[in-house]
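Colleague: I'd like a close look at one strand pair in this model, and then at what surrounds the pair. Please keep the account brisk.

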Amino acid sequence: METEGSRRGDTVTRGHGEEPRISASPRLRVSASAPLSILQVLEKGLFTTGSVVQMFQLAKGLSGRGHRVAIVSRPEGDVPERAGEAGLDFLPLPLKHEFDLGSALRLARVYDERAVDVVHVHKGIAHSVALFATFFSRRRPVVVVNRGVSFPLDAFNRIKYHVRMDAAVTVCEDIKKVIVSSGKLPPEKVHVIYAGVDLARFDPGKTDRDRVRREWGVGPEETLLLQVGAREWKGWKDLIRAAARLAPEFPRLRTAVVACEDDAKKAEVSAFARGIGIEGLVLPIGFRADMPDVLAASQIVADLSYEGLGITGTLREAMALGVPVVASAAGGNPELVVNGESGLIVAPRDPAALAAAVRRLLTEPGLASRLSRGGRERVEKGFSSEIRVDRIEALYTRLIAERARGGGSAGATATGT
C-alpha cells in the first residue's frame with residue numbers, strides 16, 4: 001500500500017543509511033483510513049528478549065497494513081539486519097542511558113522529518129529519550145508506553161508516566177493493576193493488550209522436534225520437561241526440585257533449562273542438579289533461535305516464575321504448538337492459562353505442586369490431549385500477533401482522534417479474553 005511518504009518521494013532510511021528529509025506539518029492525521037507515521041523505539045537489540053520479538057512483530061504487522069513504520073534502536077544487535085530483511089526502515093540511535101540528550105535531539109528531528117504521528121516505546125531508556133525528544137521537536141506525536149513487567153513503578157518512572165504520555169499498554173491485567181496503583185495513574189490511560197504469537201511460525205505442522213532431541217541426546221523413549229529462562233526469579237531451581245521428586249517414579253524423565261546466558265550459568269544449573277542427585281537427567285541449554293523446534297521437542301513446557309513477569313511468552317508459544325503447559329499462578333499467567341482447560345496452574349515456589357501437575361500429564365493421556373487442543377484454541381482466539389496488531393492499531397487511531405478533539409484517552413481497550 002502506498003504511504004504518504006512514498007507519494008512525496010521521501011528519502012527512506014534502511015539499515016544505516018541517510019535519515020529522511022521531510023518538511024513536516026505539526027498537525028496529526030485523523031482519518032482512520034489514512035496511513036500513520038509510526039516509530040517503534042527500543043534500546044534492546046537481541047531476539048532472545050521477548051520485548052524485541054513483540055516490538056518487531058508489531059512493526060511488521062503495522063507496515064503490512066500500509067503504515068509508514070520505522071524501528072529506532074541501537075546499531076548493534078540483530079535488529080538492523082532483521083529490519084532490512086523485512087523491508088522495515090531502521091534508524092540507529094545510541095540510546096546510551098535515560099538522560100542521553102544527543103539521542104533525544106536526533107530523535108526530535110526524526111519526529112519532524114518523518115511527520116511522526118505515534119511513537120511507541122518499549123523499555124525505560126527508550127521511554128526517557130522519546131519523552132525528552134518531544135520538548136525539542138516542532139511536532140508532538142502521540143506517545144504510547146509499553147509495560148511488560150510487574151515490578152512497581154519507582155519514583156523516576158512515576159514522573160515519566162505522568163508527563164506527555166497519552167497511553168500505557170500493559171501485557172496483562174496484573175501489570176495494569178500494579179502500575180495504576182504504584183504510579184497513581186488514571187485507569188483509563190492504561191490499556192491491556194495481550195502480546196501475541198505468530199501462528200504461522202509456531203505451527204505444529206512445521207516443526208522438527210526430532211532434530212532437537214537428537215542434538216540434546218534425548219531418546220525417543222524419554223520424556224522431556226522444559227522451561228525457558230535461567231534467571232533466579234524464573235524459578236528454575238523449583239523446576240529441578242520437582243524433577244527430583246519425579247525421578248524415582250519416572251526414570252526416563254529429562255528436564256531442560258533453556259536460555260542459560262553463558263557457561264557459568266550452565267555450570268550453576270548442573271551443580272544444582274548434582275546437589276540433589278539428578279545431574280544426569282538435567283540439560284542446561286543456551287539461547288536458541290529455533291524456538292518452535294525447541295518447544296515442540298518437549299512433552300511438557302513449564303514456567304515457574306514467581307515475580308516480575310507479565311505473561312510468559314514461551315507459554316503462549318508452546319500452547320500454539322499444542323504442547324501441554326504448567327504455569328505458576330504469578331503475574332498474568334492465569335489470564336492466559338485457564339486451569340484444566342488450556343493448561344495447569346500451580347502455586348509459585350511449590351515444587352511439590354509442580355511435580356503433581358507433571359505426574360498428571362504423564363499418567364493421564366486424555367488430560368494431556370485435551371489441554372493440547374485447548375491451549376492452541378486459547379491462543380488462536382485471543383493471543384495471536386494479528387489480534388494484537390488489530391488492537392494496537394485501533395488504539396493509535398483513537399488516541400490521534402482524541403488529540404485532534406483536544407481530549408485525553410478515554411476508555412480502556414478490550415482485552416478480548
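Colleague: Which residue in E7 stands opposite Thr-170?

Modeller: Val-192 of E7 stands opposite Thr-170. A caution first: this is a predicted model, where local features need pLDDT of at least 70, side-chain atom pairs count only at pLDDT 80 or more, and totals for chains, interfaces and linings use all residues. Residues are numbered from 1 along each chain as its sequence is written, and side-chain values use heavy atoms, with hydrogens and water left out.

Now the strands. Strand E6 covers residues 167–170, runs parallel to E7 and is joined to E7 by three bridges. Two strands count as paired if DSSP finds at least two bridges between them. Element names follow DSSP runs, numbered from the N terminus: helices are H or I of at least four residues, strands are E of at least two.

E6 and E7 belong to an open sheet of seven strands. Its order is E3-E2-E1-E4-E5-E6-E7, and the pairing is parallel. Strand E3 (89–92) and strand E7 (190–192) are the edge strands, each pairing on one side only. From one strand to the next, the twist averages 25°. Axes here are lines fitted to C-alpha atoms, for helices over the stretch in contact, and angles run from 0 to 180 degrees between N-to-C directions.

Helices cover this sheet. Helix H4 (residues 101–113) packs on the sheet and touches strand E1 (37–41), strand E2 (68–73), E3 and strand E4 (118–121). The direction of H4 makes about 155° with that of E1. A contact means heavy atoms within 4.5 Å. Helix H7 (residues 173–183) lies across strand E5 (142–147), E6 and E7. H7 runs at about 165° to E7.

There is another open sheet, of six strands, in the order E10-E9-E8-E11-E12-E13 with parallel pairing. Strand E10 (282–284) and strand E13 (344–346) stand at its edges with a single partner strand each, so one side of each has no neighbour in the sheet. On average, neighbouring strands of this sheet are turned by 20° against each other, direction ignored. Strand E9 (residues 253–258) pairs with E10 in the parallel sense over three bridges. Thr-255 has Val-282 in E10 as its bridge partner. H14 packs on this sheet, touching strand E8 (223–228), strand E11 (300–303), strand E12 (325–328) and E13. The direction of H14 makes about 160° with that of E13.

H14 also meets other helices. H14 (residues 351–363) and helix H15 (residues 365–382) have axes that come within 5 Å and cross at roughly 100°. H14 is therefore roughly perpendicular to H15. Angles of 65 to 115 degrees count as roughly perpendicular, under 35 as roughly parallel, over 145 as roughly antiparallel, and the rest as oblique. Arg-360, Leu-361 and Thr-363 of H14 make the contact with Pro-365, Leu-367, Ala-368 and Leu-371 of H15. By class, that contact has five nonpolar, one polar and one charged residues. Ala, Val, Leu, Ile, Met, Phe, Trp, Tyr, Cys and Pro count as nonpolar, Asp, Glu, Lys and Arg as charged, and the others, Gly among them, as polar.

Helix H9 (residues 236–246) meets H14 too. Their axes come within 8 Å and cross at roughly 55°. That makes H9 oblique to H14. Residues of the contact include Leu-239 and Ala-242 of H9, and Leu-354 and Val-358 of H14. The H9 and H14 contact has eight nonpolar, no polar and four charged residues.

Helix H12 (residues 313–320) meets H15. The axes of H12 and H15 come within 7 Å and cross at roughly 115°. H12 and H15 are therefore roughly perpendicular to each other. Arg-316, Met-319 and Ala-320 of H12 touch Gly-375, Arg-376, Arg-378 and Val-379 of H15. That contact has three nonpolar, one polar and three charged residues.

Last, the charged pairs. The structure holds 25 salt bridges. A salt bridge is a side-chain nitrogen of Lys or Arg within 4 Å of a carboxyl oxygen of Asp or Glu. One of them joins Arg-65 to Glu-393, with the closest N and O atoms 2.9 Å apart. Arg-65 is in the loop between helix H2 (50–64) and E2, and Glu-393 is in helix H16 (residues 385–405). The pair links distant parts of the chain, 328 residues apart.
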